[in-house]
Amino acid sequence: QVQLVESGGGLVQAGGSLRLSCVASGSIFNINAWGWYRQAPGKQRELVAAISSGGRLNYGDPVKGRFTISRNNVKNTVYLQMNSLKPEDTAVYYCNQVGGDGLRIPLAAWGRGTQVTVSS
């Protein structure tokens with residue numbers, strides 16, 4: 001069973017940066033695709049970014065050009081570098097193993113997530 005532990009969230013001013021990390025266990029990390037999602041209060045969870053085992057990338061429109069997803073197969077960790085943060089990026093961020101043609105379908109149970117708050 002896949003277990004996911006997200007970290008790196010916090011409070012940052014608009015225009016600032018944060019780097020999120022997600023350590024995955026219980027899965028063969030290097031052969032799977034991984035993604036970051038976020039859920040703001042009162043909104044549905046949405047895909048932020050995803051990366052395949054071969055490095056194929058998929059980004060949500062709101063974060064294109066600002067966020068970068070990467071992975072370290074040795075550390076079983078997926079990262080999300082978030083730059084030029086905006087107040088609308090405020091949400092709880094989650095990672096998950098992903099599948100489907102667009103790498104949009106979450107496949108494992110959710111972790112606790114990490115809170116990102118961007119002040120204006």
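Reader: How many bridges join strand 9 to strand 10?
Author: Strand 9 (residues 91–99) and strand 10 (residues 105–106) run antiparallel. Strands are DSSP runs of E with at least two residues, helices are runs of H or I with at least four, and numbering starts at the N terminus; two strands pair if DSSP finds at least two bridges between them. The number joining strand 9 to strand 10 is two.

Reader: What kind of model is this, and which atoms do side-chain values use?
Author: This is a predicted model in which local features need pLDDT of at least 70 and side-chain atom pairs count only at pLDDT 80 or more, while totals for chains, interfaces and linings use all residues.

Reader: Which residue takes a positive phi in the hairpin of strand 9 and strand 10?
Author: Five residues lie between the two strands of this hairpin. In strand 10, P106 is the bridge partner of V98. The residue with a positive phi, near 90 degrees, is G100.

Reader: How many residues of strand 9 are buried?
Author: Buried means under 20% relative accessible area, exposed means over 50%, and partly exposed lies in between, with a 1.4 Å probe and protein chains only. Strand 9 is mostly covered. Of its nine residues, the number buried is nine.

Reader: Which residue of strand 9 is the bridge partner of G35?
Author: Strand 4 (residues 33–39) is antiparallel to strand 9. The two pair over seven bridges. Within strand 9, the partner of G35 is N96.

Reader: Which residue stands opposite Y93 in strand 11?
Author: Strand 9 also runs antiparallel to strand 11 (residues 114–119), with three bridges between them. Opposite Y93 stands T114.

Reader: Is strand 5 largely enclosed or left open, and how many of its six residues are buried?
Author: Strand 5 (residues 46–51) is largely enclosed by the rest of the structure.

Reader: Which residue is the bridge partner of A50 in strand 6?
Author: In strand 5, A50 is the bridge partner of G35, and strand 4 and strand 5 pair in the antiparallel sense over five bridges. Strand 5 also pairs with strand 6 (residues 57–59), antiparallel and over three bridges. In strand 6, the partner of A50 is N58.

Reader: Which residue has a positive phi in the turn between strand 4 and strand 5?
Author: The hairpin of strand 5 and strand 6 has five residues between the strands, and there G55 takes a positive phi near 95 degrees. The hairpin of strand 4 and strand 5 has six residues between them. In that turn the positive phi, about 75 degrees, belongs to G42.

Reader: What is the strand order of the open sheet of four strands?
Author: The pairing in this sheet is antiparallel. Strand 1 (3–7) and strand 7 (67–72) stand at the edges with a single partner strand each, so one side of each has no neighbour in the sheet. Strand 3 (residues 18–25) and strand 8 (residues 77–82) pair over six bridges, with L20 and L80 as bridge partners. The order is 1-3-8-7.

Reader: Which residues form the uncovered face of strand 1?
Author: In a regular strand the side chains alternate between the two faces of the sheet. Strand 1 pairs with strand 3 over five bridges, antiparallel, and E6 has C22 as its bridge partner in strand 3. L4 and E6 make up the covered face of strand 1. The uncovered face holds Q3, V5 and S7.

Reader: How far apart in space are G15 and S120, C-alpha to C-alpha?
Author: G15 is found in the loop between strand 2 (10–13) and strand 3, and is exposed, with a relative accessible area of 54%. In sequence, G15 and S120 are 105 residues apart. Their separation in space is 8.9 Å.

Terms used:
Residues numbered from 1 in each chain as written. Heavy atoms only, no water.
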